[in-house]
Every structure is written in structure tokens, then in C-alpha cells.
Amino acid sequence: MWSLKGQQVMIPTPGQPKVHYGLGAVNYYTGETVVIIRRRKRRLEVAELLQTLVDKHPTGTIYVAWDNASTHQDDEVEAVIRAAAGRLVLLYLPTYSPWLNPIEMLWRHFRREVTHCELFETVNALLEASYDFFHRYNQTPDKVLSIIGAHSSQLL
């Protein structure tokens, strides 16, 4: 099962701030993460993340737990679900219940380790640090499982 959530990261800039959004999913059973970082967090980007999950797992059923955000409900998302032909099952969480979404704990850890009290010289430096975090944690899935409250020995 994958847990899905987006996260906003900003760096101070003169004038209009440059905002990037991390959209990610964590596999509750393996600890694997999939994250894309985009300039916007619209329905199109959410559909892109879902398509990435479907492409990554060409067989079997993919269960995705997510909230009722407006970006999760539109034609782009529905098109990915229909194209997955029943392999993509969405499990809607109750409104305003982030503690039920495992990736929220990973985003909290990300903020503490990467962005809390940090000032990045450039957007590229921030993006590099962000991708590096998820790359390192994909190398240690047991650590991810521990962060999100799942332990591989309990899941077998």
C-alpha cells in the first residue's frame, strides 16, 4: 500500500517566492519512496505521481491511501485510475486526519533533516538536498518503515 501526500518547500527570494512542491508516496510494506518535485501541485502533477506508481509496478494491485484534497479529484486523476484497469485502488482517509497518512511522518522527518532552519543559496541546492534525502532513505527502507510506524518483521 502506498501513502500519498504533497509537501510545500520555499526559499526566501526578493519579490515573488519560488515555490516547489514535493509530491510523494511511501510503500507501507517495503519502505520505498517515490517523490517528484514540481513547480505546481495541481491535478496534473497528482496524476503524474499516480502514473509513476503504476509504471513502477506493472503488475498487481496498488492501494493508495490519501486525503480528500481537491487536487485528488478531477479528470486527470480519473484517467490514470481508468487506464490502470482496476489495479489502482484509492483508499480515502477522513477529512483533516493527517496522522492516519504514513507519509506525513516521513515529510515531518524530511523537514527536520533538510529544510528546518536551513537557508539554501539557490533553488537547485534545495532541490538537490531534497532528492538526496529520498535517495538516501530509499537505500535504508527499514529506517523509512520505522519512521512511518511500520516494521518489516510485523508485516510478513
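Read along the sequence, the protein follows the pattern β-β-β-α-β-α-β-α-α-α-α, which amounts to six helices and five strands, where helices (H or I, at least four residues) and strands (E, at least two) are DSSP runs numbered from the N terminus. The model is predicted, and local features need pLDDT of at least 70, side-chain atom pairs count only at pLDDT 80 or more, while totals for chains, interfaces and linings use all residues. Residues are numbered from 1 along each chain as its sequence is written, and side-chain values use heavy atoms, with hydrogens and water left out.

Of the 156 residues of the protein, 42% count as buried, a term that stands for under 20% relative accessible area, with exposed meaning over 50% and partly exposed lying in between (1.4 Å probe, protein chains only). Among contacts (heavy atoms within 4.5 Å) between residues at least 6 apart in sequence, 63% join residues at least 24 apart.

Strand β2 is largely enclosed by the rest of the structure, because nine of its 10 residues are buried. β2 pairs with β3 in the antiparallel sense over six bridges, pairing being assigned if DSSP finds at least two bridges between two strands. Within this pair A25 stands opposite V34 in β3. The two strands β2 and β3 form a hairpin with five residues between them, and G31 in the turn has a positive phi of about 85°.

The elements discussed here have these residue ranges.

| Element | Residues |
|---|---|
| Helix α1 | residues 43-56 |
| Helix α2 | residues 75-83 |
| Strand β2 | residues 18-27 |
| Strand β3 | residues 33-38 |

The axes of α1 and α2 come within 8 Å and cross at roughly 15°, the axes being lines fitted to C-alpha atoms over the stretch in contact and the angles running from 0 to 180 degrees between N-to-C directions. That makes α1 roughly parallel to α2, since angles under 35 degrees count as roughly parallel, over 145 as roughly antiparallel, 65 to 115 as roughly perpendicular and the rest as oblique. The contact is made by R43, L44, V46, A47, L50 and Q51 of α1 and by E76, V77 and V80 of α2.

A47, which is found in helix α1, is buried, with a relative accessible area of 6%. Leaving aside its neighbours within four places in sequence, A47 is in contact with E76, V77 and V80. The C-alpha atoms of A47 and V80 are separated by 6.4 Å, although the two lie 33 residues apart along the chain.
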